[in-house]
Amino acid sequence: MKTLNLGILAHVDAGKTSLTERLLHSAGVIDELGSVDDGSTRTDTLTLERQRGITIRSAVVSFPVAGVTVNLIDTPGHPDFIAEVERALGVLDGAVLVVSAVEGVQAQTRVLARTLHRLGIPTLIFVNKVDRAGADPDRVLRQIVDRLTPDVVALGQVDAPGTPAARWVPVRPDDPGHTTRLVDLLTAHDDALLAAYVADERAVTPARLRAALAAQTARARVHPAYAGSAITGAGVDDLIAGLAELLPAADGDHQAPLSGTVFKVERGPAGEKIAYARIFAGTVRVRDRIRYRRDREAKVTGLGVFAGGEATPADSVGAGRIARLHGLADVQVGDPLGTPPDRPAGRHHFAPPTLETVVLPVRAADRPALHAALAQLAEQDPLINLRQDDLRQEIAVSLYGEVQKEVIQATLADEYGVPVSFRETTTVCVEQLLGVGAAVEWIGRDPNPFLGTVGLRVEPGPLDSGVEFRLGIELGSMPLAFLKAIEETVRDTLRQGLHGWQVIDCVVTLTHGGYWARQSHSHGVFDKSMSSTAGDFRNLTPLVLMAALSRAGTRVHEPVHRFRLDLPADMFGTVLPALTGLDAVPRTATPHGSGYLVEGEVPAGRVHALEQRLPALTRGEGTLESEFDHYRPVRGPAPSRPRWDHDPLHRKEYLLAVARRVTARPER
């Protein structure tokens, strides 16, 4: 049986989880529909999800349709949990983007649509909630064309929208108007089809158009649109048929070497780790020893495969499937299995978190338990970027928003018995290099206390390039273990630059390297004092790198969001001064219906304040969309973050003192 790994994506409250429930029911997997309001859905299994009625963690269920096993990944819709969506995108064959027929295209809808387009993921669109008062599916389809993509074709229309009797009416294959729209859309991407249509319109039959629609949907060129209601079931059967007909099933060679990626990690009843992985090639079997995360290796002690709704035990899982693996004790989200695939789940598709806070235990005695609990949460969501300051006895986490902070607080209290409070949320800035800098420490020369030579040059890299590490020495001139230690330490040290913020978009080149080979006394006993080890390079590299950064100089940049604000016309004069007071910069103000559409930029740290003030400023009628856009240099004094202790010596003062000393010394 073929497999389709399908993602359900939407802005929060568009009805995504209810649609998942309806798909399972229509496919015969469940006998009774669950309810988000009652906390009885199949995919919202966490207590907090059931209490709040929102999806927090991605969940996998499956159902069969027309000879295809659909592994459905229900993802969170709230922007605070976008990291869960990010990890799912790397394992999908196709997606359904759900849009509410009442609220229409919203902020998260736009973010998701752009990302799906950029990644080339075949996508169907489902306009949900057509039975709700105020539903206007035709208006929403126009919004989709205007704001998301013009390459959309509706495969039917809604009768009696906005009423409980609303129903989806599929278009007839020979409908002249539909044929014209389909020809116009498909021939824009298919010259052969255009030539055939020009030569003889009758040769382009409805069957040929349908085949061309399936082919172009599979290549993410066009996006068929359906509409209906997850609550009443209207339109859902046609959507299910479209999944099997229009979206491409997974492929892969079962006999090839194993290649997969871990996109989710959870804990079992006994505290054991369970990894969810998409297998792109090969086959994994129980008792296989598999390699993951570079040099890690472990035996698979148990396997599960999704069929009939839930994961069931299996002896093997082949290419194209999603597997639950037991036995990988230190596995992490994003780890490749075997040969790294071309589209790993750890690749970043969305902006990183732009906020952070310090987590404080209410009871001082809970400090060790708090660290252990947060470490487990970081296994599930690495982007919270857990950091500990041993000197201050404080733990910090990164956040996407205030709702995520509330969820972390409730999870720690309910699941781990650790009540916590938080310091005020602050903005996560970054540092970017101002120029080029270099430094070197030589083995055997004072005051270098380590048995190694390390020389590094840092220089600015292209925008959004991250950190690139290059070798400026011959590959065979040093053991690979030493080179690996230097590269890993470079990346770790750059998490904290001269002002304490992460250094981004830079190139670091190893310009000098040297070591003392393994030596022993005449009686054959190994003498550490005469031989270099990887530890020498892990200890020395931060000192040299900080000195190079000091010579290059860095500037602190803050994250900036692009915003889109709909507001009543009579509130325009009141809102603009408020935006200025929040350091927002309106770029355009356009009449829009009976109001104004204002677009501009606002510092990420002021978005929450704007959201809180907006209802009072606009009588509750204003709507705000915002998303990360870019970093800009901080105006005024550069904010510094307390240095979190990452250096191997746990002696920050020593590291900075040596960096200043090396900076003051002429380069050799």
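Mentor: In this predicted model, the protein has an average pLDDT of 86, and 89% of the residues score at least 70.

Trainee: Over which residues does the pLDDT stay under 50?

Mentor: One such stretch is residues 644-652, for which the model has 26 contacts beyond four places in sequence. The pLDDT is also below 50 over residues 656-668, and that stretch has 26 contacts in the model beyond near neighbours in sequence.

Trainee: How many disulfides does a search of the whole structure find?

Mentor: As a general idea, a disulfide is a covalent bond between the sulfur atoms of two cysteines. In this structure, the search returns 0 disulfides.

Trainee: Is Cys429 buried or exposed, and what is the case for Cys506?

Mentor: Buried means under 20% relative accessible area. Cys429 has a relative accessible area of 6%, so Cys429 is buried. Cys506 also counts as buried, because its relative accessibility is 1%.

Trainee: What is the handedness of the crossing, and which residues make the contact?

Mentor: The crossing of α10 past α11 is right-handed. From α10, the contact involves Leu370, Ala373, Leu374, Gln376 and Leu377; from α11, Ile408, Thr411, Leu412 and Tyr416 take part.

Technical notes:
Residues are numbered from 1 along each chain as its sequence is written. This is a predicted model: local features need pLDDT of at least 70, side-chain atom pairs count only at pLDDT 80 or more; totals for chains, interfaces and linings use all residues. Side-chain values use heavy atoms; hydrogens and water are left out. pLDDT is the predictor's confidence in each residue, from 0 to 100. Contact means heavy atoms within 4.5 Å. A disulfide is a pair of cysteine sulfur atoms within 2.5 Å. Buried means under 20% relative accessible area, exposed over 50%, partly exposed in between (1.4 Å probe, protein chains only). A crossing is left-handed if the near helix is turned anticlockwise from the far one by less than a right angle, and right-handed if clockwise. Helices (H or I, at least four residues) and strands (E, at least two) are DSSP runs, numbered from the N terminus.
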